[in-house]
Amino acid sequence: MLKPSFNDLIKSSFRSILKNKSRTILTSLGIIIGVTSVILLTSIGNGLKSYVTDQFDALGANSVFISPGKVFNDNGGFSQNSFAAAMVTNFTQKDLNLLNRKLKNSIVMPVNATYADIKSDKAIKKMVEIDGSTEDYGKSNNVVPSEGNGRWFTDEENNKKTPVVVLGYKIAETLFPNSSAVGKKVIIKGKTLKVIGVVDQKGSSFGGPSVDDAVYAPFSIVSDLAGNENINTFVVRAPTKGAIEPIKKEITKIMLERYDKDAFSVFDSSQLLSSINSIISVLTIALTGIAAISLVVGGVGIMNIMLVSVTERTREIGLRKAIGAYPRAILIQFLIEAIILSCFGGLVGVILGSLGALAINSFFPAKITISSVILAFSVSSAVGIIFGVAPARKASKLSPIEALRYE
Amino acid sequence: MIKLSPKNNSNVILELKNITKTYATGTNCFTALDNVNLKIHQGEFVSITGPSGSGKSTLMHIIGLLDNPTSGEVLLNGKDISKLKEHQLAQIRNVTLGFVFQQFNLLAKTSALENVLLPLLYSDVPKHQRQEIGLAFLKKVGLEDKIKNTPAQLSGGQQQRVAIARALVNNPQIVLADEPTGNLDSKSGADIMKFFHQLNEKEGRTIVFVTHDMDLAKQAKRTIVIKDGKVLEGKNA
């Protein structure tokens, strides 16, 4: 039987901790900071993941991409030499015709991109990405201008090489600062094009090239601007999510007839998504690991204070031993004090971390998960036990007469 | 649980046999107790006295099972306690012995009642009885109106009475007091001594106390004088 009872031990531990309130808070500060940062960082990691997933869903979850070069390496990460391969391989009109013929239920969209300066009568924007594609591309990629902002181009305009262009939100703002861009003229590589629409503002995805900074034109127009008929990428829209895998297999078969297996890649957004997510996971784990170091530092802080406390209370320990406290009772008492300190720190850390994550979420994706809260709290409690043992053992081993004589 | 049943033939509670205690101080060896033999009987009121450094405190610590002798035997109710483990010794200190210290050694910022209840924390006394027992002993030492006071709110004499209540709360066989009046003015000191006399005479409690004050020592029914680690005299020893 445990003497004193567990209840009595907890009660007396709380009492001695409450005698030193400011010290308690300062001691727990290390754990508080550690737990807070672990929760914040995992929340941000999780928030980023779900943000990326949402973005991919918005971009068309049923899309399959055919891209030159090897985008993924065999381990599912991004391939190192993809850029070199992308420079070498270019798809052609023949591929488009073949794909169109064989993939009956899907929509195949060729994409060609070029970079050029774009001018209005008021301003100039240098080296803008100009994507050429078809009528379907607008719907498929969620870039069709909304009501009142003009329209997307049609296949007829593509076939007739009508000089029209759809501007990204930021490009339109730059070129036509104080008025609507729709109906105005822009000049690209000496060619005059009519603005027929402005894409709604989408916001940047992590500072990369965004829809807001892009310019869209019919494929035939971009071919003229680029000076070639090459196709950079195919976007194949599958009718349903379940059709993605068979379509990928079929595309691979078709493309293998014409290209070497390393010269092209067939992937869907989920593959891209899982690659990006694995990068975010690694980053999150690394950052959380660094934050967890502060938990250890917090534990050292608790050990330090508990050692001071043992020294301060040497006479009390001596007295308790003289009147019948056996060594283990003293050990458990001090251990419980250390655990209470670290659990208090853990609890405050969980609250601060959760509030912080909620605050961050208003301008940056952050998502609190129960598992990270439980993990942070249990690690902080474990730290309390581990770092509480040494001072508690020291206390339990004190000789009663020496402890009583201690001044 | 160790049974410490009193022997029938003699009423000796505690017996020291050939106790020697030496301390190693650097290269020298200091003998604090030199072959001490001693018997404490049931119901005795014994004082241990001697000049400072004579070894009386060391003797007290060995009687109180707070220190181990270098050689010799300590028999408590006829049983050798030198082989016992630390937690078994702790139990004996809790149940069989009651300590009163010169410095009172009350827990600061803790009420008189809780100080008295402290030994019960480590005992088998059921929880619901503790409060009542504590109050009864505080009443016995005349502090029933100070149960909520912390040591800082009590006079020295009152603090020592709380400490005595704490020593008695587990009904020990022997009450051990180390210079119990050493930190008190003479009036409070006399009160404490009077209380010890009452305990001995009315309740038949066995009391052993250490003092350097010869006059105080002579108030006991038996005085053991110790000098340079040797017992010089002692009636009935």
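This is a predicted model: local features need pLDDT of at least 70, side-chain atom pairs count only at pLDDT 80 or more; totals for chains, interfaces and linings use all residues.
User: Let's start with chain B. Why are helix 3 and helix 5 of chain B called roughly parallel?

Analyst: Happy to walk through it. Helix 3 of chain B and helix 5 (residues 156-168) of chain B pack at an angle of about 30°, with their axes 7 Å apart. Angles under 35 degrees count as roughly parallel, and the two helices are therefore roughly parallel to each other. Their crossing is right-handed.

User: Which residues of helix 3 of chain B meet helix 5 of chain B?

Analyst: On the helix 3 side they are B:Ala112, B:Asn115, B:Val116, B:Leu118 and B:Pro119, and they meet B:Val162, B:Ala165 and B:Arg166 of helix 5. By class, the residues of this contact divide into 6 nonpolar, 1 polar and 1 charged.

User: What makes B:Phe104 buried or exposed?

Analyst: The count of neighbours decides. B:Phe104 has 22 other C-beta atoms within 10 Å. The cut-off for buried is 20 or more, so B:Phe104 is buried. B:Phe104 lies in the loop between strand 6 (97-100) and helix 3 of chain B.

User: Over to chain A. What makes A:Ser275 partly exposed?

Analyst: A:Ser275 has 18 other C-beta atoms within 10 Å. Buried needs 20 or more and exposed needs 12 or fewer, with partly exposed in between, so A:Ser275 is partly exposed. A:Ser275 is found in helix 10 (residues 269-312) of chain A.

User: How do helix 10 and helix 12 of chain A cross?

Analyst: The axes of helix 10 and helix 12 (residues 327-360) of chain A come within 10 Å and cross at roughly 140°, in a right-handed crossing. Helix 10 contributes A:Gly298, A:Ile302, A:Met306 and A:Val310, while the residues from helix 12 include A:Phe334, A:Glu337 and A:Leu341. The contact divides into 6 nonpolar, 3 polar and 1 charged.

User: What makes strand 1 of chain A mostly covered?

Analyst: Of the 6 residues in strand 1 (residues 63-68) of chain A, 5 are buried. Strand 1 pairs in the antiparallel sense with strand 8 (residues 233-237) of chain A over 4 bridges, where A:Ile66 has A:Phe234 as its bridge partner.

User: How do you know that strand 1 and strand 9 of chain A pair?

Analyst: Pairing needs at least two bridges, and strand 1 and strand 9 (residues 264-268) of chain A have 5, in the antiparallel sense. Here A:Val64 stands opposite A:Asp268.

User: Finally, how many residues does each chain give to the contact between the chains?

Analyst: Chain B gives 18 residues and chain A gives 19. On the chain B side, helix 2 (86-95) and helix 3 (112-121) each supply at least two residues, and helix 2 gives the most, with 6. That side of chain B has 8 nonpolar, 6 polar and 4 charged residues.

Note on methods. Residues are numbered from 1 along each chain as its sequence is written. Chains are lettered from A and ligands numbered from 1 in the order in which they are written. Two residues are in contact if their C-beta atoms, placed from the backbone, lie within 7 Å. Ala, Val, Leu, Ile, Met, Phe, Trp, Tyr, Cys and Pro count as nonpolar, Asp, Glu, Lys and Arg as charged, and the others, Gly among them, as polar. Axes are lines fitted to C-alpha atoms, for helices over the stretch in contact, and angles run from 0 to 180 degrees between N-to-C directions. Angles under 35 degrees count as roughly parallel, over 145 as roughly antiparallel, 65 to 115 as roughly perpendicular and the rest as oblique. A crossing is left-handed if the near helix is turned anticlockwise from the far one by less than a right angle, and right-handed if clockwise.
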